[in-house]
Amino acid sequence: AGAEALARELRHAPSLQSLKLRYNHIGAAGAEALARALRHAPSLQTLDLHCNGIGPAGAKTLARELRHAPSLRSFYLSDNDIGAAGAEALAWELRHAPSLQRFYLSDNSIGDAGAEALARELRRAPSLHTLVLSDDNIGAAGAEAIALRLVQAPPPALRCLTGVDLAAALERQGLLWALVGGSTKEAILGELRRAASARRRRAFTLALCLKRRQEGREDGAASNIYNGDVMQYMAAFVSPLFARRAREGRPAVDAPAAEEGAAEGAAEADSGASRAMAAAASARASSKRARAAASSASTRASQRARRRRVPYNVEAFGR
């Protein structure tokens, strides 16, 4: 009743920026009332509902109303027993919270299913800086799901992630290159961001090469880029996508030793580039040999034709 009365009054506070209701046991009904009131508080930046027993139903109601809180930056939902179902609902609505920077979900028993749902939607939270998942019963499967999603598309702002052993998950998947900068979460996230930035640069260069070729430019710069480097960029762009190999059940890298982790990403990219360059060189050599053979055959045919057209002068030759 108290939460519902408070929710009715929130419509008269459009400038409200912070609402903290820790340890008030508002339950699912109170969460539903507050969720409806969010549309009347467009300036709300902090919503603290820690330890209120809202359960999965309350989490789902709050998730549906997140789109009406575009300014929300800090969301505290720890110790609310939302479970996997509540985590999945909240994860799906992260796309409607573009300003969210701190998301606290500890002590909610979301398990591997909830962790996997959050992993799928992390890329839709561009401002997320802190994600707290401590004491959420997340096992190896959930940790690996988050790790693989971070390898594919690390959120640009994410700096703090608790409750997930990223180093162990990456080691189990053979993604040792992500541990080059260290085994702490901060170091791993930094390495993943650098790898993603490098992939974007390679993709841009590849697109530029293909565009120049399509336009039919024959200047020296364009020709040099296309003739060999485009294959190198293609190999370098594809080879870092270790997550796909992991999903297919193959090891992401060939070298099993941890000390070789620093060189594995570069070695695989160089190997792919070398194979592509060797294939291109072989094709060029074959083409050159074919042209030489055709030229030699043409020369011999021309000589035979001249001999048939110009007979010998026997008399002159005899003298």
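This is a predicted model: local features need pLDDT of at least 70, side-chain atom pairs count only at pLDDT 80 or more; totals for chains, interfaces and linings use all residues.
Helices here are DSSP runs of H or I with at least four residues, strands are runs of E with at least two, and both are numbered from the N terminus. Residues are numbered from 1 along each chain as its sequence is written, and side-chain values use heavy atoms, with hydrogens and water left out. Local features need pLDDT of at least 70 and side-chain atom pairs count only at pLDDT 80 or more, while totals for chains, interfaces and linings use all residues.

**H2 with H3**
- H2 covers residues 27-37 and H3 covers residues 55-65; they pack at about 5 degrees with their axes 8 Å apart.
- Axes are lines fitted to C-alpha atoms, for helices over the stretch in contact, and angles run from 0 to 180 degrees between N-to-C directions.
- H2 and H3 are therefore roughly parallel (angles under 35 degrees).
- Sorted by class, this contact has five nonpolar, two polar and three charged residues. Nonpolar covers Ala, Val, Leu, Ile, Met, Phe, Trp, Tyr, Cys and Pro, charged covers Asp, Glu, Lys and Arg, and the others, Gly among them, are polar.

**H1 with H2**
- The axes of H1 and H2 come within 8 Å and cross at roughly 0 degrees, so H1 is roughly parallel to H2.
- From H1, Ala3, Glu4, Leu6, Ala7 and Leu10 meet Ala29, Gly30, Ala33, Leu34 and Ala37 of H2.
- That contact splits into eight nonpolar residues, one polar and one charged.

- Gly55, Gly58, Ala59, Thr61, Leu62, Ala63 and Glu65 of H3 are buried (under 20% relative accessible area, with a 1.4 Å probe and protein chains only).
- H3's buried residues pack against H2, strand S3 (74-76) and H4.

- Skipping neighbours within four places in sequence, Leu150 contacts Leu122, Pro155, Leu158, Leu161, Leu166, Leu189 and Leu192.

**How confident is the predictor?**
- pLDDT, the predictor's confidence in each residue from 0 to 100, averages 79 for the protein, and 68% of the residues score at least 70.

Note on methods: Angles under 35 degrees count as roughly parallel, over 145 as roughly antiparallel, 65 to 115 as roughly perpendicular and the rest as oblique. Contact means heavy atoms within 4.5 Å. Buried means under 20% relative accessible area, exposed over 50%, partly exposed in between (1.4 Å probe, protein chains only).
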